[in-house]
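I'm opening a notebook page for this structure.

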Amino acid sequence: MMASTTSSAAVAGALFSASKPRGSAACPRVPAGRRRASCVVRCDAGVEVQAQAAAKAASIAALEQFKISADRYMKERSSIAVIGLSIHTAPVEMREKLAVAEELWPRAVSELTNLNHIEEAAVLSTCNRMEIYVVALSWNRGMREVVDWMSMKSGIPASELREHLFMLRDSDATRHLFEVSAGLDSLVLGEGQILAQVKQVVRSGQNSGGLGKNIDRMFKDAITAGKRVRCETNISSGAVSVSSAAVELALMKLPRSDCLSARMLLIGAGKMGKLVIKHLMAKGCKKVVVVNRSVERVDAIREEMNDIEIVYRPLTEMYEAAADADVVFTSTSSESPLFMKEHAQVLPPVSDAAGGVRLFVDISVPRNVSACVSDVGHARVYNVDDLKEVVEENKQDRLRKAMEAQTIISEELKRFEAWRDSLETVPTIKSLRSYADRIRASELDKCLQKIGEDALTKKMKKSIEQLSTGIVNKLLHGPLQHLRCDGTDSHTLGETLENMRALNRMFSLDTEKAIMEQKIKSKVEKTQN
């Protein structure tokens with residue numbers, strides 16, 4: 001998947017390495033009264049200016065070389081790609097190292113778009129997946145840069161990461177996002193929480209201004225696909241979230257006669273924790289103890305759910321509350337485990353009526369309960385990877401619903417690709433207009449020189465200029481009309497793209513090369529700044 005690129009592509013890579021200016025350390029002035037024994041560092045501003053000028057000259061030279069020899073590289077259309085790992089490809093130990101907190105998404109997007117071959121980016125990080133969506137100037141180089149970024153952030157060697165990563169390109173990448181949004185790639189088929197998380201990616205991008213045109217439209221169309229799948233199929237029936245699966249797993253592990261009377265403890269009253277309470281209530285549980293940093297959130301949940309008794313205990317009483325519980329659900333954003341082996345060892349054993357084993361159901365990533373807690377004889381730990389046991393039921397029914405959903409996803413995918421194809425005509429429209437304006441301006445200048453500046457009044461000059469502009473606009477009207485398309489009609493889109501290619505050939509517009517040159521130039525300027 002990390003294939004070697006062509007020598008012409010290497011020229012483009014050289015452009016970026018050449019564009020990075022070498023800075024020189026800034027040095028403070030030393031007051032005249034200071035003793036000669038102190039070290040005096042002299043600064044030469046001229047050296048820094050020369051270095052910047054040299055870097056600029058090198059980048060311009062590299063750009064010119066790129067224009068000459070990178071034709072093959074520039075024919076590669078910018079790719080939409082996804083690279084990441086999920087519960088299906090990587091263990092929780094690896095996923096938690098790569099997890100990016102929601103408040104850090106904008107920063108991650110900024111770092112990714114600063115990579116040489118990445119134009120746009122978005123990060124989708126949940127307890128079950130960490131996926132990076134990008135628009136890449138070059139597939140091979142872009143993917144290599146993203147893998148290196150992930151390795152740097154997680155501390156996991158790139159070679160080890162590659163064993164668990166999946167990479168998809170263009171329509172496959174888009175289809176994957178649509179399936180994720182619809183809940184088809186979730187551990188629990190059709191779960192609703194992932195759709196909310198996809199929406200949050202868009203909101204985060206809008207607030208920070210980090211999402212590009214292609215990624216923004218793709219995520220919005222994914223939200224539409226997710227909504228349609230849930231409305232038009234019965235995919236959301238049954239257990240539809242990680243929280244509900246966690247509750248079902250706990251009840252499966254408890255003795256049937258005691259499952260509803262078991263003492264339940266929830267640590268963390270966030271969105272996932274709230275859903276745990278909701279599903280416990282739906283299963284018939286009458287009481288749950290909630291440990292949380294603040295009481296306000298617990299009070300809000302209590303007001304919303306009247307059919308279950310919710311008892312609040314502060315975070316300082318977490319271990320005392322665990323000692324009184326048969327089942328401990330953990331759902332916090334803590335970066336380090338809340339329960340280690342030594343904590344579980346000092347907890348009193350649970351009653352035989354509750355199975356004699358304290359259950360820790362950890363739905364947090366990073367994990368709140370260390371795996372070594374299971375080494376304690378009267379404790380068992382289950383994390384998000386163990387929820388597979390719950391969702392294996394009704395497999396045939398889930399497959400049937402997934403097939404129904406695929407029809408909807410294919411429709412939405414077709415709409416998105418038609419929209420993206422329609423964008424191809426925009427640069428041709430601009431290039432044709434610019435080409436015609438250059439000819440008009442050149443011929444107008446020749447005409448005015450022949451007539452002579454003194455022979456014409458300002459009004460006459462203006463009239464002649466308006467005449468030339470009007471003729472060009474009339475001539476361009478027909479061709480430009482045949483280049484405009486919104487992508488909603490596949491037949492019209494096909495004709496429009498054929499017209500675009502014909503105009504590019506007739507007028508030698510070389511639009512693809514111009515687009516790539518502009519993208520590379522923008523990257524150079526961004527690096528210099």
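**Entry 1: Arg-169 and Asp-170.** I looked up this pair and found a salt bridge, with the closest N and O atoms 3.7 Å apart. The term means a side-chain nitrogen of Lys or Arg within 4 Å of a carboxyl oxygen of Asp or Glu. I'm working from a predicted model, in which local features need pLDDT of at least 70, side-chain atom pairs count only at pLDDT 80 or more, and totals for chains, interfaces and linings use all residues. Residues are numbered from 1 along each chain as its sequence is written, and side-chain values use heavy atoms, with hydrogens and water left out.

Next I checked how open the two residues are. Arg-169 is partly exposed, at 31% relative accessible area, and Asp-170 is also partly exposed, at 28%. My cut-offs: buried is under 20% relative accessible area, exposed is over 50%, and partly exposed is in between (1.4 Å probe, protein chains only).

**Entry 2: Asp-170 again.** Asp-170 also meets Arg-420 in a salt bridge, 4.0 Å from N to O. This pair links distant parts of the chain, 250 residues apart: Asp-170 sits in the loop between strand 4 (166–169) and helix 8 (171–182), and Arg-420 in helix 17 (residues 395–422). Helices (H or I, at least four residues) and strands (E, at least two) are DSSP runs, numbered from the N terminus. Arg-420 counts as buried, at 11% relative accessibility.

**Entry 3: the other salt bridges.** How many salt bridges does the structure hold? I get 23. One of them joins Arg-302 and Asp-299, at 2.5 Å from N to O. Those two are three residues apart in helix 13 (residues 295–304), so about one helical turn separates them. In general, an α-helix has 3.6 residues a turn, so residues three or four places apart point the same way. Arg-302 is partly exposed at 31%, and so is Asp-299 at 29%. I also noted a network of salt bridges linking Arg-228, Glu-232, Glu-411, Glu-412 and Arg-415.

**Entry 4: cysteines.** How many disulfides are there? The count is zero, taking a disulfide as a pair of cysteine sulfur atoms within 2.5 Å.

**Entry 5: helix 10.** Helix 10 (residues 213–232) has 20 residues and should span 28 Å, which agrees with the 28 Å between its end C-alpha atoms. The expected span is 1.5 Å times one less than the number of residues. Buried residues in helix 10 include Ile-215, Met-218, Phe-219, Ile-223 and Val-229.

**Entry 6: Ser-364.** Where is Ser-364 found? I located it in the loop between strand 9 (358–362) and strand 10 (379–382). Ser-364 is buried, at 4% relative accessibility. A polar atom of its side chain lies 3.3 Å from the backbone oxygen of Thr-330. Leaving out residues up to four places away in sequence, Ser-364 touches Thr-330, Ser-331 and Thr-332; contact means heavy atoms within 4.5 Å.

**Entry 7: Ile-277.** Is Ile-277 buried or exposed? It counts as buried, at 1% relative accessibility, and its place is in helix 12 (residues 271–283). Not counting residues up to four places away in sequence, Ile-277 touches Leu-266, Val-288, Val-290, Ile-301, Met-305, Ile-308 and Ile-310. For Ile-277 and Val-290, 13 residues apart along the chain, I noted a C-alpha separation of 9.1 Å.

Methods. Polar contact = N/O pair within 3.5 Å; in protein donor to acceptor, adjacent residues only side chain to side chain.
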